[in-house]
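Open the model in your viewer and keep the selection tool at hand.

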Amino acid sequence: MPEPFSSEEIRQFLDCYNPEFRGNGNGLFSDCSPVEREIRKKDIALIYRWKLGRIRNSDVEAINNNIEQFRQAIRDANIAGSEVNAINQLIAINGCGLAVASAILSVYHPEKFTIIDRRVLQELGFQERRSETTGWNADSYWREFVPRVLEFAEFHGVDLRTADKILWG
């Protein structure tokens, strides 16, 4: 019979249930940053789980088969002028749509990226494109959506990640 889990292991497992809001207040965003640290498959899987509310076998397979592509896109996203290319690199991975790509880049670069979501789209007045899968691509996300969230953040005197939380809630 295997040994029982330690209290620390149990706490870590429970933290994965809602990884953005960990008991220590740091959560997923600080665990996955900075980019200088190796980007682990587990990090990407947690972001998928957090954004989608689930993770499918095909997602795990995509992560396993494309971890270097994930890593390269995350590194490239930090280079000015390469943001759209980084988003497109992620979207090219089977099962990684714009919503997941924006979540991944928001975790690693919260000062530059924000998470596209239907709730946020509605709050920002994108009535004709209320779904992250309707009428949005890497270019429109970067040139229309992110500036609108930045404008909201500046107006309210908060950072981009806080603006995202306010709009989502």
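Among contacts in the protein chain between residues at least 6 apart in sequence, what percentage join residues at least 24 apart? The share is 55%. This is a predicted model, and the tour starts with its overall make-up.

**Whole chain**

Show the protein chain as a cartoon. You will find nine helices and zero strands. Read from the N terminus, the order of elements is α-α-α-α-α-α-α-α-α. Now colour by accessibility: of the 169 residues in the protein chain, 44% are buried.

**Y48 and F70**

Next, display the rings of Phe, Tyr and Trp. The structure contains six aromatic pairs. Select Y48 and F70 for one of them: the pair is edge-to-face, with 6.3 Å from centre to centre and 75° between the planes. Y48 belongs to helix 3 (residues 41–52) and F70 to helix 4 (residues 57–76), so this pair ties together parts that lie 22 residues apart in sequence.

**F126 and W136**

Move on to F126 and W136. Their ring centres are 5.0 Å apart and their planes stand at 85°, which means that the pair is edge-to-face. F126 sits in the loop between helix 7 (118–123) and helix 8 (138–156), and W136 sits in the loop between helix 7 and helix 8, so the pair ties together parts 10 residues apart in sequence. Both F126 and W136 are buried.

F126, W136, Y141 and F145 make up one aromatic cluster.

**Helix 4 against helix 5**

Hide the side chains and select helix 4 together with helix 5 (residues 83–91). Their axes come within 8 Å and cross at roughly 165°. An angle over 145 degrees counts as roughly antiparallel, so helix 4 is roughly antiparallel to helix 5. The crossing of helix 4 past helix 5 is left-handed. To see the contact, show Q69, F70, Q72, A73 and D76 on helix 4, and N85, A86, Q89 and L90 on helix 5. F70, from the pair with Y48, is thus among the contact residues of helix 4.

**Helix 5 against helix 6**

Leave helix 5 on display and bring in helix 6 (residues 98–108). Here the packing angle is about 125°, and the axes are 9 Å apart. Helix 5 and helix 6 are therefore oblique to each other. Helix 5 passes helix 6 in a right-handed crossing. On the helix 5 side, the contact is made by I87, L90 and I91. On the helix 6 side, select L98, A101, I104 and L105.

**Last stop: the buried residues of helix 5**

Which residues of helix 5 are buried? Select E83, V84, A86, I87, Q89 and L90. L90 makes contact with helix 4 and with helix 6. To finish, show the neighbours of this set: the buried residues of helix 5 pack against helix 4, helix 6 and helix 8.

Methods:
Residues numbered from 1 in each chain as written. Predicted model: local features only at pLDDT ≥ 70, side-chain atom pairs only at ≥ 80, totals over all residues. Heavy atoms only, no water. Phe/Tyr/Trp six-rings, centres within 6.5 Å; stacked < 30°, edge-to-face > 60°. Helix = DSSP H or I, 4+ residues; strand = E, 2+ residues; numbered from the N terminus. Buried < 20%, exposed > 50% of the residue type's maximum accessible area, 1.4 Å probe, protein only. Axes fitted to C-alpha atoms, helices over the stretch in contact; angles between N-to-C directions. Parallel < 35°, antiparallel > 145°, perpendicular 65-115°, else oblique. Left-handed = near helix turned anticlockwise from the far one by under 90°. Contact = heavy atoms within 4.5 Å.
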